[in-house]
Amino acid sequence: MVDHVQCDTPDVQAPPRWQLRLLGGFELQHPAAEAPLRLPGRAAMALLARLALWPQQQHPREVLVELLWPGVAQAVARNRLRQALSTVKSALESAGLRPALQADRLGVRLQPGVVACDVQEFERALHEGDAIAARALYRGELLPGFYDDWIGDERARLAALHERLEARPQAPRPAPEAQLLPHYLTPAFGLAEPAARLARRLAAGARLVTLQGPGGSGKTRLAVEFARGQGASPPFDLVAFAPLASCGNAPQLVDTVAAALGAPAGSGGSPAAVTALLQGRRVLLVLDNFEQLPEAATAVVQDWLAALPGLVLLVTSRRPLGLAGEQLLPLEPLPLPEAGADLAALARNPAVALLLDRAQAVRPGFRLRAGDEPAVLALLQQLEGMPLALELAAPRLRSLSLAELAGLLAAPPLQPAGQAPRLALLARAGTAAATPFGPAARHASMRAVIDWSWRQLTPQQQRLAGALAVFHGGATLAALGEVEGSGPAAVALPLDELHAQSLVHTRAGGADGARRDEGPLRFQLYEPVREFVAAQQDEATLRGWRARHRACLAAWAAALPPTPWLPALRQELPNLDAALTSAVADGAPAEAITLLLPLRRVLEDVELPTHALAQAEAAVAACADPLLRARGCSLLGPLLFVAGRRDAALAHAQAGLDQLPAAAPPALRARALHALARVLWRSRRDGNAALPLIDQAEACLPRGADDELAASLLALRAFVFNAHFRRRDEALALHRRALAAWQALGQEHAVNSGRYNLAVIAQSAGRHAEALQALLPVLDSAAAQQDWRRLSQSLNVYGNALSELRRWPEAVTAFRECLRVAWRNVASHDLAYGLWNLPRALAHTRQPQAALRLAAFAADYWQTHFGALGPGDDFDLRRVRRLAAVQLGGMAAAQALYDQGRQLPLAEAVGLALGRSAA
């Protein structure tokens with residue numbers, strides 16, 4: 001098992017490998033690392049917190065399951081525990097050799113000496129009577145934003161200890177003298193975590209800390225708020241702020257610093273004079289906006305640090321100073337909510353809080369309502385959590401809705417040279433005040449902020465940024481070198497310089513599609529920067545880069561392995577969208593179809609975004625090659641169906657067969673027949689129409705020509721035999737043959753489909769317990785592979801089996817998990833299944849209001865997007881309505897609720913299905 005660890009005898013005398021902060025927020029820090037480690041997912045964080053709060057205790061697995069996932073089906077919860085343990089183990093052991101966890105089948109505990117937790121240190125300080133240390137350690141309540149019952153109980157206990165501590169008298173401390181600290185008229189959000197990191201750097205003896213980040217990321221605000229709060233013992237006796245934005249050389253730097261330190265006007269500034277002013281004093285000096293100053297100014301700063309042991313410099317800059325002893329503190333944009341977050345989760349997010357605060361300043365009474373979640377998430381993603389961008393966008397909500405603003409700010413996959421329409425929205429009204437106490441002129445718009453950085457770049461760096469602007473979703477070094485034209489070796493150094501200038505951010509990812517958690521670094525311009533940079537290019541240059549971008553993606557698609565790593569595919573979807581869009585715009589629609597054909601199989605695992613699907617349709621319509629156009633139609637048919645466009649899917653699938661040239665190879669005709677049979681079967685459930693097409697496809701497919709297609713035809717025939725003709729034994733044999741073929745091909749995602757198909761056979765034959773057991777390995781494997789479509793489908797069948805066993809509460813939990821996965825990953829067809837099946841379980845758990853409203857919505861949604869209801873569907877719907885009406889005391893009340901459900905927006909229906917209350 002992945003979480004079973006062989007444990008050597010630990011060296012308990014060694015210092016703790018990790019520092020874990022739980023008071024005031026979750027933060028996991030390794031002493032040798034620059035930044036805290038981010039654990040993916042709240043479950044892993046809560047699990048590590050539980051183990052660290054009681055490190056001497058062996059934690060039974062069943063207790064952890066109940067604490068972390070109360071009410072979740074045991075099989076699902078156990079699988080989640082395995083995943084969370086694997087995540088925690090991988091994180092804690094990434095920086096050392098000693099095992100971090102002692103885990104067996106019964107329980108889990110942390111190995112001694114691995115993690116030092118601030119809660120333990122806080123209680124130890126209280127026990128030893130060290131009130132100063134205890135006050136410093138209590139930086140806020142336990143795990144704010146976590147609402148598990150056990151965390152709430154522990155939070156209340158620790159808060160009570162802190163209240164008793166604060167009731168003790170404290171000796172007064174002298175406040176530091178402060179000079180020219182700017183004042184802000186608006187509250188700050190999201191500063192607690194970076195301020196805590198900054199405080200730790202200074203407490204550890206750092207004397208030069210550079211807050212580095214892109215323009216508009218909040219560097220100045222953090223520096224000012226931190227400097228204002230400096231009163232801890234031993235205090236600085238002077239805190240000063242020097243705004244350097246208008247400084248272009250070393251003498252101007254010295255003059256500005258001298259003025260900030262209170263030197264008399266006209267007294268003349270020199271580095272030596274500043275040294276004399278500060279000699280023998282403990283000073284915190286903020287140097288704001290250092291990036292444009294030359295090396296001579298950096299040398300002056302170095303001399304001050306050497307001559308003044310009491311001087312601590314806090315610098316804000318878009319690039320490092322490059323001095324020995326400098327500690328960089330990268331300031332990232334505000335964290336974004338998780339996909340699929342509900343209103344309660346959105347309200348706890350600092351980026352949302354900032355947006356709401358600034359919007360309410362111009363539109364009193366503005367608040368989030370049920371159904372706003374998708375628009376808010378889209379808006380935050382488009383602005384990438386950049387504080388300044390959020391501040392500039394929020395006033396537009398005076399006259400626009402969230403959805404309208406998100407639509408206007410949506411990133412266009414293709415941007416003509418010279419145009420940057422979205423940046424016009426991110427500007428303050430009127431003239432910005434260029435004073436230390438208001439927004440500087442360069443912060444009056446995102447365009448001005450980015451132009452400030454653009455003018456610091458060399459021509460080579462500007463060209464490389466232009467090539468990178470063609471990518472959406474980032475590029476590896478190899479891909480960028482290919483598109484720019486100079487090759488990876490030539491672009492490596494200027495790319496590193498762009499990163500140092502805080503115009504580019506990075507993340508790990510297997511861009512080659514290999515199955516791994518980490519791969520080559522991906523480089524990406526911040527989205528407002530990308531739009532600005534693209535507008536600086538000429539059209540001919542952009543067209544050349546776009547053509548190479550399409551060729552690069554086509555080579556990537558052709559080289560995908562049999563089982564591609566799906567997260568890597570998902571991160572290429574924006575690039576795929578951009579390539580399809582540029583192919584249509586540049587008059588090369590055949591390139592779009594050629595790019596998509598190798599992706600046929602995986603695009604049913606990772607759904608194309610709506611815009612990309614529309615561009616694929618446009619490419620097929622514009623393609624002059626009859627064979628390629630027909631192949632494109634057959635490709636689009638199944639993709640359009642799962643996107644909820646049944647009529648367009650049928651039309652394309654039929655055209656793919658009708659337009660296929662007579663001389664087309666038999667294998668291509670077999671594929672066109674298969675595509676049409678699939679869409680016909682899935683939209684009409686008409687086996688009499690689908691089966692002849694399957695027969696024809698198998699007849700014209702040469703033996704061994706396409707084993708993957710042959711296996712898919714076997715599976716489709718099995719579904720028709722099982723669901724339409726009730727020939728279950730034959731269906732079971734066919735599904736087993738298809739599974740064996742996929743196993744031979746090494747296609748793990750298709751293998752999971754085959755196992756899922758066997759579970760469906762067991763479920764339809766009434767062997768519900770067998771279906772549950774058959775689905776467990778599929779659930780585990782799909783979750784491990786991050787195959788969200790198969791996970792959602794399997795959870796839906798799992799819920800159906802539980803329903804037939806009358807395990808109604810567990811069925812509700814399974815259906816809701818199915819919906820969470822489908823909603824988070826925009827899987828329309830899987831979402832429709834979950835919405836259809838949940839109401840029956842809700843009615844049996846005495847939730848008739850929700851059951852009726854959802855049943856009405858699901859019926860309309862299915863018929864609108866996927867086809868007519870069959871006789872069995874009508875029977876199920878009547879059964880839910882009758883049961884709910886009995887619970888409500890009559891048909892009139894039931895009908896009113898049913899009518900309400902038909903009017904629900906999709907987001908509100910999903911919120912209702914997931915048990916969320918409107919806010």
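**Close-up views of a predicted model**

**View 1. Serine 502, a buried loop residue.** Serine 502 counts as buried because its relative accessibility is 7% (buried means under 20% relative accessible area, exposed over 50%, partly exposed in between, with a 1.4 Å probe and protein chains only). Serine 502 sits in the loop between helix H21 (488–500) and strand E14 (504–508), where helices (H or I, at least four residues) and strands (E, at least two) are DSSP runs numbered from the N terminus. The phi of serine 502 is near 65°, a positive value in a residue other than glycine. This is a predicted model, in which local features need pLDDT of at least 70, side-chain atom pairs count only at pLDDT 80 or more, and totals for chains, interfaces and linings use all residues. Residues are numbered from 1 along each chain as its sequence is written, and side-chain values use heavy atoms, with hydrogens and water left out.

**View 2. Arginine 806, an exposed loop residue.** With a relative accessibility of 54%, arginine 806 counts as exposed. Arginine 806 lies in the loop between helix H35 (788–804) and helix H36 (808–824), and its phi, near 60°, is a positive value in a residue other than glycine.

**View 3. Surroundings of phenylalanine 122.** Leaving aside neighbours within four places in sequence, phenylalanine 122 is in contact (heavy atoms within 4.5 Å) with Leu23, Ala134, Leu137, Tyr138, Leu158, Leu161, His162 and Leu165. The largest nonpolar core has 195 residues, and Leu22, Leu92 and Phe122 have the most contacts inside it; such a core is a set of buried Ala, Val, Leu, Ile, Met, Phe, Trp, Tyr and Cys residues joined through side-chain atoms within 4.5 Å.
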